[in-house]
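Keep the 3D view open as you read.

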Amino acid sequence: MANNEELFKKIIAHAKEYGFIFPSSEIYDGMAAVYDYGQWGVELKNNIRSYWWKAMTQWHENIAGLDSAIFMHPAVWKASGHVDAFNDPLIDNKDSKKRYRADVLIEDHIAKIEDKINKEIEKASKRFGEAFDPQQFVSTNPRVLEYTSKIKDISAKYASAMQENDLAAIKRLIEDLEIVCPISGTRNWTDVRQFNLMFSTKIGSVSEESDIIYLRPETAQGIFVNYLNVQKTGRMKIPFGIAQTGKAFRNEIVARQFIFRMREFEQMEMQFFVRPGEELEWFKYWKEERMKWHLSLGTAPEKYRFHDHEKLAHYANAATDIEFEFPFGYKELEGIHSRTDFDLQRHQKFSGKKLQYFDPEINESYVPYVIETSIGLDRMFLAMFSNAYCEQTLDDGSVRVVLGLPRMLAPVKAAILPLVKKDGMPEKAREIMDMLKYEFNLIYEEKDAIGKRYRRQDAIGTPYCITVDSQTLEDNTVTVRERDTMQQERLPVANLEKYILEGIKPVLQSPSLKF
Ligand code: GAP
């Protein structure tokens, strides 16, 4: 198999070639970090969103849905802290005129040192063979120790500069590390300055400062400002949750890794409102619950890991990321945060409206604490798509590209294929299609040899190919070919619906899964 960078390029090319993802405005040469979802991409994305939505609102009686507007009162973003603190530190190279995130330049520098450590480990592992103990090697080898201490030193300096908001210290660090611009190769840097990630626009016809509004950088604030509306009209009792999916916008400076970091993307967020003092129990609950959701899709557990935050944001008292092993390494897929009552208290203060909940069980009013689960829909798409892409060498030496998506997420659940374009087979195939199309997204194909048609379905991840042949006309049975095993079995047409429904159910990993 190709190395990871090559593999990632192939995945991006496959996404385009098979109608999953196109660069936005491609005929005008595209736009960085903005993408369009094609005919199969939109189906896969809808299926992921719908599975998340069901898991939240349908399988939990105490979670309600919401669809709040993208535009919100500008004071929302003042209260949430986004106007003052939703910033990235930026630096420009004066020669190439390229702009970089200062933190990313430093992170990349650290990654290079980590690469050196990995090379030392690889070399030593070859030299010592089976007797090699990597733990002992990294804790004793002088060169590795030197690299490790360098990384610690850089990380500590960087963290302290960020904490103090000391932009001059960040620039000094970039200079001391002799980081050069990857384009010009020079160290001719501007000062570091803060850059707010929110997109702004004007509302109304008169352009005045007070008319500035923002495209929401997260969906969560729409939930916070509506929490009492939902609680009262839905007569919700704490603990309860509100779930929402929708677009979010961030003026990301470093646009790379395909749909991993986009300027326009979609989030699936849920805020769970709890009694103060019970939040850490609920944090633990949601941490486990969310991991179960991921594993219920059947993806190998080793692809996921938790990354608990040691340094917490000032408003959080616990936080973890669910990381996924993307082709470029383990990266954040979802965040789970115990956000205390920070957001609701801020909105209470800025709006002047009471946001308290009266708890009849304890006869007390309070501002609830909140556990947030927040996952990027596009990132989940990339996780599923990149993990599914597989080049498989068959017994006859040929290579097939198969997209082994979780069956329930596959854009098309079955292809209906008349073996030949005559003898009544197309008509019979259409009849089967009509019977199943209310339940499943199907595709009908009669062009090309059957083997070629199977390959096309493999490439878009269709779990089942249903072939109508001459025997079908005699006994009303069809062959069903399964995507991953390529095994075929003969089934009565009347059993197809049940068979496919059974095949696309979530893979339950744990008996405690409440779905
Ligand atoms: N309300 C909390 C919040 O927005 P976040 O960590 O900034 O937290 C949550 O974002 C999730 O949204 C991330 O885990 C990621 O999956 C997704 N996300 C964030 N920025 C993104 C971007 N620029 N492109 C794609 N997905 C993004």
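In this predicted model, an N or O atom in the side chain of Glu 269 sits 2.5 Å from a nitrogen atom of the ligand. Glu 372 also takes part, with a polar side-chain atom 2.9 Å from a ligand nitrogen. Met 262 uses its backbone instead: one of its polar backbone atoms is 2.8 Å from a nitrogen atom of the ligand. How much of the ligand does the protein bury? On its own the ligand would expose 560 Å², and the protein buries 89% of that area.

Now widen the view to the residues around these contacts.

Next, turn to the second largest pocket. Rolling a probe the size of a water molecule over the atoms shows where empty space is left. The second largest pocket has a volume of about 500 Å³. It is lined by 20 residues, with Ser 50, Lys 54, Met 408, Lys 413 and Ile 504 closest to its centre. Which helix gives the most to this lining? That is helix H2 (residues 39-58), which supplies 7 residues. Domain 1 (1-73 + 213-391) and domain 3 (412-504) each provide at least three residues of the lining. By class, the lining has 10 nonpolar, 5 polar and 5 charged residues.

Finally, two spots in the backbone are worth a look. Most residues other than glycine have a negative phi, and most peptide bonds are trans. The bond joining Ile 238 and Pro 239 is cis, with omega about 5 degrees. You can find Pro 239 in the loop between helix H9 (220-233) and strand E9 (240-249). Asp 29, a residue other than glycine, has a positive phi, near 75 degrees. Look for Asp 29 in the loop between strand E1 (21-23) and strand E2 (35-37).

How values were computed
Residues are numbered from 1 along each chain as its sequence is written. This is a predicted model: local features need pLDDT of at least 70, side-chain atom pairs count only at pLDDT 80 or more; totals for chains, interfaces and linings use all residues. Side-chain values use heavy atoms; hydrogens and water are left out. A polar contact is a pair of N or O atoms within 3.5 Å; within protein, one must be able to donate a hydrogen and the other to accept it, and residues adjacent in sequence count only if both atoms are side-chain atoms. Accessible areas come from the Shrake-Rupley method with a 1.4 Å probe; for residues, only the protein chains shown count as cover. On a 1 Å grid over the protein atoms alone, a cavity is a set of points where a 1.4 Å probe fits but cannot get out, and a pocket is an open set with protein on both sides within 12 Å along at least five of seven lines; lining residues have an atom within 4 Å of a point. Grid points are joined across faces, edges and corners, and a volume is the space filled by probe spheres set on the points. Helices (H or I, at least four residues) and strands (E, at least two) are DSSP runs, numbered from the N terminus. Ala, Val, Leu, Ile, Met, Phe, Trp, Tyr, Cys and Pro count as nonpolar, Asp, Glu, Lys and Arg as charged, and the others, Gly among them, as polar. Domain bounds come from an automatic or database domain assignment.
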